[in-house]
Amino acid sequence: MFTGEIVVGADQTVIDVVYDTGSDWLVIPDADCFSCEGTKHDSSQATPVDTETSSRAYGSAYLEGKTYTDTVCLDSLSTTCATDFEYFAFHY
């Protein structure tokens with residue numbers, strides 16, 4: 001398992017993530033997730049892809065949230081960024 005930091009959004013929120021090479025989507029905790037530990041991202045500043053809450057199975061976890069796009073970087077220097085990167089922000 002590989003872990004590391006990413007930087008999300010204009011406010012440059014630094015979030016610890018698991019680099020899951022078996023998945024094709026990024027999952028991050030949203031600011032309104034009360035059961036989440038660690039740093040959370042305020043997705044209200046991001047562009048929503050859908051307006052309805054959806055659910056996803058992630059291993060043994062069941063996540064509910066929404067899909068957004070925002071700038072996602074691999075470092076705080078903004079040298080390795082993807083703009084309009086789609087991610088799933090889970091609420092619980």
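The accessible surface of the protein amounts to about 5,800 Å², and carbon and sulfur atoms account for 51% of this area; areas were computed by the Shrake-Rupley method with a 1.4 Å probe, and for residues only the protein chains shown count as cover. The structure is a predicted model, in which local features need pLDDT of at least 70 and side-chain atom pairs count only at pLDDT 80 or more, whereas totals for chains, interfaces and linings use all residues. Residues are numbered from 1 along each chain as its sequence is written, and side-chain values use heavy atoms, with hydrogens and water left out.

The protein contains seven strands and zero helices, in the order β-β-β-β-β-β-β from the N terminus. Strands (E, at least two residues) and helices (H or I, at least four) are DSSP runs, numbered from the N terminus.

The C-alpha atoms fill a box of roughly 35 × 30 × 25 Å along the principal axes. The radius of gyration of the protein is 12 Å, in agreement with the value near 12 Å for a compact globule of 92 residues; it is taken over C-alpha atoms, and the globule rule is 2.2 Å times the number of residues to the power 0.38. Of the contacts (heavy atoms within 4.5 Å) between residues at least 6 apart in sequence, 45% join residues at least 24 apart.

F2, located in strand β1 (residues 2–8), is exposed, with a relative accessible area of 58%.

Notes:
Buried < 20%, exposed > 50% of the residue type's maximum accessible area, 1.4 Å probe, protein only.
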